[in-house]
4 protein chains.
Amino acid sequence: MSVKVKIVNDPVYGFIRFPEPEIMRIIDHTWFQRLRNIKQMGLAHLVYPGAVHTRFAHSLGACHLAGKALEELSTKGIRVEKEEFLAARLAALLHDIGHGPFSHSLENVLVAMPHEAISRMIMERMNREMGGMLDTALSVYSHSYPRRYLHQLVSSQLDIDRMDYLNRDSFYTGVSEGVIGYDRILQMLTVTDNELVVEEKGVHSVEKFIIARRLMYWQVYLHKTVLGAEMLLIKIFTRAKELAAQNVELFASPLLRHFLYANLTQIDFENNPEHLIKFCQLDDHDIMTSIKAWQSHSDFILSELCKMLILRKLYKVLLSSEPLARILRDKKIALGDRLKLAENELDYFVFGGITSNSTYDINNELIKIETKTGEIKNITEIDDSLVNQTLARAVHKNYICFVQD
Amino acid sequence: MSVKVKIVNDPVYGFIRFPEPEIMRIIDHTWFQRLRNIKQMGLAHLVYPGAVHTRFAHSLGACHLAGKALEELSTKGIRVEKEEFLAARLAALLHDIGHGPFSHSLENVLVAMPHEAISRMIMERMNREMGGMLDTALSVYSHSYPRRYLHQLVSSQLDIDRMDYLNRDSFYTGVSEGVIGYDRILQMLTVTDNELVVEEKGVHSVEKFIIARRLMYWQVYLHKTVLGAEMLLIKIFTRAKELAAQNVELFASPLLRHFLYANLTQIDFENNPEHLIKFCQLDDHDIMTSIKAWQSHSDFILSELCKMLILRKLYKVLLSSEPLARILRDKKIALGDRLKLAENELDYFVFGGITSNSTYDINNELIKIETKTGEIKNITEIDDSLVNQTLARAVHKNYICFVQD
Amino acid sequence: MSVKVKIVNDPVYGFIRFPEPEIMRIIDHTWFQRLRNIKQMGLAHLVYPGAVHTRFAHSLGACHLAGKALEELSTKGIRVEKEEFLAARLAALLHDIGHGPFSHSLENVLVAMPHEAISRMIMERMNREMGGMLDTALSVYSHSYPRRYLHQLVSSQLDIDRMDYLNRDSFYTGVSEGVIGYDRILQMLTVTDNELVVEEKGVHSVEKFIIARRLMYWQVYLHKTVLGAEMLLIKIFTRAKELAAQNVELFASPLLRHFLYANLTQIDFENNPEHLIKFCQLDDHDIMTSIKAWQSHSDFILSELCKMLILRKLYKVLLSSEPLARILRDKKIALGDRLKLAENELDYFVFGGITSNSTYDINNELIKIETKTGEIKNITEIDDSLVNQTLARAVHKNYICFVQD
Amino acid sequence: MSVKVKIVNDPVYGFIRFPEPEIMRIIDHTWFQRLRNIKQMGLAHLVYPGAVHTRFAHSLGACHLAGKALEELSTKGIRVEKEEFLAARLAALLHDIGHGPFSHSLENVLVAMPHEAISRMIMERMNREMGGMLDTALSVYSHSYPRRYLHQLVSSQLDIDRMDYLNRDSFYTGVSEGVIGYDRILQMLTVTDNELVVEEKGVHSVEKFIIARRLMYWQVYLHKTVLGAEMLLIKIFTRAKELAAQNVELFASPLLRHFLYANLTQIDFENNPEHLIKFCQLDDHDIMTSIKAWQSHSDFILSELCKMLILRKLYKVLLSSEPLARILRDKKIALGDRLKLAENELDYFVFGGITSNSTYDINNELIKIETKTGEIKNITEIDDSLVNQTLARAVHKNYICFVQD
């Protein structure tokens, strides 16, 4: 009864093809279809209304770029076996499979496991189900496959994941600052000693890629209103779990109910496959339906926070490289007086923290450049490179969120 | 506590501005914010995965185009009062406010009222709430305002609604066949005797617009897989309401529960404002959360249909200008034998119907062209015009949907 | 000393590759490099200032699309030999090699031969020079190759020439009416009985293609100001040749001088290769440099016409389906009184004619559709097809050009 | 007899309007029309074949952006008088009027005056001709107008000239690295103390703008093949003038002949208006027609260099931060042996030099940022700004050009 999607009309790349039956088997899988209902950018659409694209589309895009990159490498005489080609595409397709709804915000609140670990659990389970079809893909994904560049293509500081999300997020937000020359980067890739390297004449395109990512962070991903919305979501679910722990009744779909009331540890998650199976059905709809319903819950804090999200009366946010502790204290006093809440309750309406972004992480695996003379250098060592100490330093910013008077 | 959205980064038009406080008051209203959670194209994203954009974005776009059009008219010396400018933009902004979730599919199943009537009820209610702020907008919307071209701009066969959705749906689906030269059309608009007319040199752009709409119908809106998915959704809710009428328990959010069990008539809806208020909170999340939960309902038909949608094992669809009655009968017999269902139950798994599309409706208000000599003609009367009898004739196609063996 | 262009950054398609040394040998040839200096759209840039792209870029684009199309056919199991792939790409690359400067306007004035015949002469000469490298390409180009679909791909009513020029001319003029879904059309191509056919589900894309071409004709190629500019160019060279025939001295580059004073017949051209070699060096620069110089020529008619072009004081043009003979006669009388010119001289400043455009030529080889049941039909026979009698009928329009009072 | 261009379809910005009769009067002027025949990017099309756009289109684009910027400022309450609006647009329209053909390469060879000085001379002459219509525009252009931000908008390190050429050159080359968010930058502009400043939240867009310009320099404007082509053009005209100084006959249009044989000083140019009038008719066609003709000149050096350009057998170029003197010496010896040329003649076939690029010039007027607290800072002083010492330092590179063996 299944409808085979072989060619997909992607607004970012045009027609993209999935000729491999193995790829189609994954796409048709209910766990993968779930990604249709998980927004790639969480609540960022509250600021950029166009940005409602899904992890489903991003995953197809990453798979497409993995294939493109390997085709480029082939034309340069780098041997890519058919099985490796498939494995890299499968790994790209599945790299985000472990994301839950509003993952960046909720993954520590709903389940006590990082999404990368869940991705691996899911891939392993699928692999058993499919008789070892994902063996090589898993090996690539886990960095244990001998041709290391395949892993680097799928996951590194210059990988097809980042390329696709910069392309896609720019397209859907309308923020041209994130536009990258991904096709040029792909053309500049090559392999030396099993490592993915960039030809020297591609240095400028890589610089542009790194800068584009940096600008997208400050302009979109860490936009203060987006930050405030995500914090609000975390606070809502923190409160809900607090109430659930006291056995207060909360409207929820059967799936979400499970995660609200069960209070799972990572051990539980790993030992009992039932949790994973339930997790793999959870999506944005469960979350949002409950938030809507909770607007009329009897708990003042929960209902107040939910109304704020639904009516888009978000926290006011200050974001600064300067310390904000004093302002935070003043806000707490003023608001405490007005709302008559206990200290721990007040924390739902006014609080602070630190957010940070590394444009380029020098402690991570570095982007390597092959010079015209055949030397391999880190991009930071290239003469006149932009990716210098300034960029390599992580930027930390203080923030405070508070409800307005 | 509100965050004013004054400039929106729209991926289709770039930065668009909403300087009027009246417009912002509407955008900030919870009923309008609801449109963030209603997809413009319903289930079309099952075929075009990029097409997850919302009625919120479309409504902002329509409002933007209304302003653009009136600015063009002004530069041609057509007098547009400030109040009329605002009223037309408000009417454009609100023209879809009455859409419920998956409106084209569900509006007759969930509520017994067309969305246009609901739009008007909502606008009238908002108008009372806002002390008459929408008086002129309502008059424009209802075609009672003396300067008729304002209404025609907002709602006609060449209106800013169609322009925006063709632009936006092409952009998000990636179907270039729907691309229109909207900016050129806007430039060719003028007003004669209070009617919106197109200058003769704009005829080709209007033709392109009509053809683009026709192609989008056959390629996207009535794509057979999309049609099958929408039919499936209708069948799910038809079954759910059948079960609700028998007081069978169904998981649903409080909002959706109301519409499943209440069985409202149009009279109910008009007399008791409570129904409208509840309707104005319903969105895609309520629908999808229930469908996911119903996959494990004890009713075979309901759970089966819900699984089909969630797993994307949609109906197989035949679409043809030829009669399909015989094939339908054969399918019914074969499936009846296999599934052992009663005749009325079988109808959930195999059924037929007629779908149709008018590219240009000659029984409706016609698109008028002003020739170089100042004559006003219908576009069909223009020499060599494409919009001829062929196009003006509605196209009907038979379809049958059935589950595969 | 040559620089090999293997990858070209084309603004229309992105990076395009030319891996074949045979292709590079043609591109590097001085006769092909000449196309860099011949504008694709002649004088249309006087109306659409962006449209200054060259036949060089168009030829690369056509070659690229030919490769794309054949790759698609291969994925459908249609056997394409390596030699055929190369031959089709070479034929596409060279299909316009015979165009001279401002070809559509000047080909009958400067040389008494159609550009298609010149293209073949050039290809044959190159083929001899290159030891038969173009044998198969010539056979494809001349429709003598047994696999007829290769020729149809390169030259028919749905060929890669038209696809590229619609794409490219829309891009550079900014006229979105010409945008086509070329990638979708390529995907819908297949081969049956050695003929290129389109799968039925591609009908809408083909319709869009035909309509786009029609709209580009009326909006761009036959735009009345463009028509007027081209007529002016023809009149300038008609006058120049008249003067040359009287041995009046005219400033010209050695190349252009040859064609002005020689008065060649087609026989001369075919018999003496010297003419072809000179022709293959002529480009827009020779033409425009002379026109600029002729502004101060002592012949009133020549200098007047040249000033009109350089100062962009073009003819005023009327274009109509109605007869214009009476207006023409009145204009002639009025102008004759004012300018005091003889009848034959007056004809340089006021004249009329007929222009025509066939959207789809039913007397030519037809676009064929393969229905789902495997039948081959002409596109005009498809149910509900747009490409009906109206479109198939050539449209003729009368025009008159005249200088303004 | 003139055809008024009021709306232009620009592929970069869509429809752009020129409602002011003063603007149309300039556009219709023969000196402005001349820009239609001067390519914006000189010989860069030999590497990027799409990049054949003209200074005409760039000038219209700059004028358009000037208007856009001032409209933005107006919506922020900054008073812009109607006369100032017009003056800034006129200054933007005319800022490049003094460019000759292949200006960056030839301006020191053909005329002994920088194009900025010529622009001013032309504007002054036009102003007299038009009865003072350009008084304010000239004052803005010369930085003498009291509202200094008008000049900064037209000419500074963040001006509409750079914005347009980055937009346009990216579009036509297909190099996405140059894409900038110009509409966002325009929105972030404001005026404080008569100075153009950028609101702090616009810092990232300005960074992107500066980086985009840097990348375009290394990837396009100083691309080594482009550099080699421009050097070749300079060498051709250096040789031609050498020959002209010896009264050797050279084919040339009357206009070009004037500049080849006259050997004008800046004083000549300033004193005798005849030179300016001739200069204002010179365009790419004169240059290219002569180069084609000179291929068969009896001077070995001239004909050889011209053939190299026409056949695109360009110099081979090395570009490096390392010294290249030794390689240059070796090449000279080898080539001297082979070509048997005198030392000064050899210099036409092998030579070296230095090229440089400042991404951001700290010795020039700086880009100013207005912080949220109202302070005005230089962009380099902004916390975490990318525009740091690295970028502010000019980059110098050595190059050598030589013909291949």
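**Note on the core, a helix and the chain contacts**

1. In this predicted model, B:A66 touches B:A88, B:R89, B:A92, B:L153, B:V154 and B:I160, leaving aside residues up to four places away in sequence. The largest nonpolar core holds 516 residues, and those touching the most other members are A:A66, B:A66, C:A66 and D:A66.

2. In chain C, helix α4 covers residues 82–94, 13 residues in total. From its first C-alpha to its last the helix reaches 18 Å, close to the 18 Å expected at 1.5 Å a residue.

3. Which residues of α4(C) are buried? They are C:A87, C:A88, C:R89, C:L90, C:A91, C:A92, C:L93 and C:L94. Within chain C, these buried residues pack against α1 (21–27), α3 (55–75), α6 (115–129), α7 (135–141), α8 (148–154) and α9 (160–173).

4. Chain A is superposed on chain B by a rotation of 180° with 0.0 Å of shift along the axis, at an RMSD of 0.0 Å. The two copies are therefore related as by a two-fold rotation axis. Both copies use the same surface, since 100% of the contact residues of chain A recur in chain B. Among the residues of chain A, A:H285 comes closest to the rotation axis, its C-alpha lying at 2.3 Å.

5. The contact between chains D and B takes five residues from chain D and four residues from chain B. On the side of chain D that touches chain B, β2 (14–17) and α10 (182–188) of chain D each supply at least two residues.

Key
Residues are numbered from 1 along each chain as its sequence is written. Chains are lettered from A and ligands numbered from 1 in the order in which they are written. This is a predicted model: local features need pLDDT of at least 70, side-chain atom pairs count only at pLDDT 80 or more; totals for chains, interfaces and linings use all residues. Two residues are in contact if their C-beta atoms, placed from the backbone, lie within 7 Å. Helices (H or I, at least four residues) and strands (E, at least two) are DSSP runs, numbered from the N terminus. Copies are superposed by least squares on the C-alpha atoms of residues with pLDDT of at least 70 in both. A nonpolar core is a set of buried Ala, Val, Leu, Ile, Met, Phe, Trp, Tyr and Cys residues joined through C-beta atoms within 7 Å. A residue is buried if 20 or more other C-beta atoms lie within 10 Å of its own, exposed if 12 or fewer, and partly exposed in between; C-beta atoms are placed from the backbone. The expected span of a helix is 1.5 Å times one less than its number of residues.
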